Amino acid sequence: MKELIANCTAEEVRIAVLEDGKLVELQIERASEARIVGNLYKGRVDAILPGIQSAFVDIGLEKNGYLHVSEVIGAGNTEKIEEALKRGQEVLVQVTKEAIATKGVKVSMDVSLPGRYLVYMPFASHLGVSKNITDKAERARLTDLIGRLKPEKGSFIIRSEGEGVGEDQFVRETKYLLRLWETIQRKTANARPPALILKDLGPLFKATRDSFTEDFDLFLVDSKEEYE
């Protein structure tokens with residue numbers, strides 16, 4: 001028997017995966033330590049630092065986000081940060097690393113939007129299949145499938161969870177991720193920086209997306225709000 005059990009309080013969320021009554025996975029996220037990796041912000045470039053080829057972006061947090069030139073969309077391999085960005089410029093960035101000690105978060109303009117089976121990257125051009133999928137026939141099937149699902153802009157990568165998944169489920173998720181990106185673009189166009197554009201999924205939703213599959217016998221959550 002396989003179970004996913006969630007205990008949700010104002011202070012923390014605890015999520016356990018059990019197999020035949022034995023704990024095999026435990027996730028804990030405290031409200032005071034809520035992660036913001038994955039969040040999207042419309043920010044404003046506050047400072048350009050040519051010496052370290054980086055910029056600091058005001059995204060509304062206590063400390064500005066750190067943006068290296070390698071994470072700037074449109075910057076070539078030889079372009080300098082002072083040529084790629086200007087002080088006061090408005091940019092859409094995604095948090096890629098939490099703040100540590102006196103350092104602020106790291107951010108990137110190379111946005112990625114994960115679904116259960118796919119990751120959509122609006123500014124990338126390469127299609128891919130997770131290296132964790134090793135069966136040659138399955139990789140060939142998924143490679144052919146992702147080629148047919150290729151969007152007009154951006155690209156998809158099939159996650160390891162996509163192994164064995166039917167085409168109809170990929171089509172559904174493709175439409176969802178593309179609609180999500182359209183919503184993000186509209187919100188970004190209308191927002192005044194600094195502004196939170198998209199908050200990444202909370203721990204329970206992430207567990208549902210990434211872990212909860214048809215082989216589970218029970219999904220128990222003790223919060224009516226989270227359940228709804």
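**Figure 1. The hairpin of strands E5 and E6, with glycine 60 in its turn.** Six residues lie between the two strands, and Gly60 takes a positive phi near 95°. The model is predicted: local features need pLDDT of at least 70, side-chain atom pairs count only at pLDDT 80 or more, and totals for chains, interfaces and linings use all residues. Residues are numbered from 1 along each chain as its sequence is written, and side-chain values use heavy atoms, with hydrogens and water left out. Helices (H or I, at least four residues) and strands (E, at least two) are DSSP runs, numbered from the N terminus. E5 (residues 54–58) runs antiparallel to E6, joined by 4 bridges; strands pair if DSSP finds at least two bridges between them. Ser54 faces His68 of E6 across the pairing.

**Figure 2. Valine 105, in the loop between E7 and E8.** The loop links strand E7 (90–97) to strand E8 (106–108). Val105 has 4% relative accessibility and therefore counts as buried. Buried means under 20% relative accessible area, exposed over 50%, and partly exposed in between (1.4 Å probe, protein chains only). Beyond residues up to four places away in sequence, Val105 touches Ile36, Ile59, Leu61, Asn64, Gly65, Tyr66, Val95, Lys97, Glu98 and Ala99. Contact here means heavy atoms within 4.5 Å. Cys8 is 97 residues away along the chain, and its C-alpha atom is 27 Å from that of Val105.

**Figure 3. Lysine 2 in strand E1.** At 19% relative accessibility, Lys2 falls under the cut-off and so counts as buried. Its contacts, leaving aside neighbours within four places in sequence, are Val17, Leu18, Glu19, Asp215, Phe216, Asp217 and Leu218. Leu218 is 216 residues away along the chain, yet the two C-alpha atoms are 6.8 Å apart.

**Figure 4. The open sheet E3-E2-E1-E14, with helix H4 across it.** Four strands make up this sheet, with mixed pairing. Its edges are E3 (22–30) and E14 (218–221), each pairing on one side only. Neighbouring strands are turned by 10° against each other on average, direction ignored. Strands of a sheet pair through backbone hydrogen bonds, either parallel or antiparallel. E2 (residues 12–19) and E3 pair in the antiparallel sense over 8 bridges, and Ile15 stands opposite Gln27. Helix H4 (residues 203–210) lies across E1 (2–8), E2, E3 and E14, at about 25° to E2. Axes are lines fitted to C-alpha atoms, for helices over the stretch in contact; angles run from 0 to 180 degrees between N-to-C directions. The buried residues of H4 are Pro203, Leu204, Ala207 and Arg209. They pack against E1, E2, E3, E9, E14 and helix H5 (224–227).

**Figure 5. The open sheet E9-E10-E12-E11, with helix H3 across part of it.** This sheet also has 4 strands and mixed pairing. E9 (113–114) and E11 (128–129) have a single partner strand each, so one side of each is left without a neighbour in the sheet. E9 and E10 (residues 118–121) are antiparallel, with 2 bridges. Leu113 stands opposite Tyr120. Helix H3 (residues 167–190) lies across E9, E10 and E12 (155–158), running at about 35° to E10.

**Figure 6. The second largest pocket, lined by 16 residues.** Its volume is about 310 Å³. On a 1 Å grid over the protein atoms alone, a pocket is an open set of points with protein on both sides within 12 Å along at least five of seven lines; a cavity is a set where a 1.4 Å probe fits but cannot get out; lining residues have an atom within 4 Å of a point. Grid points are joined across faces, edges and corners, and a volume is the space filled by probe spheres set on the points. Pro114, Gly115, Tyr176, Leu201 and Arg209 lie nearest the centre. E9, H3 and H4 each give two or more residues to the lining. H3 gives the most, with 3. The lining has 6 nonpolar, 5 polar and 5 charged residues. Ala, Val, Leu, Ile, Met, Phe, Trp, Tyr, Cys and Pro count as nonpolar, Asp, Glu, Lys and Arg as charged, and the others, Gly among them, as polar.
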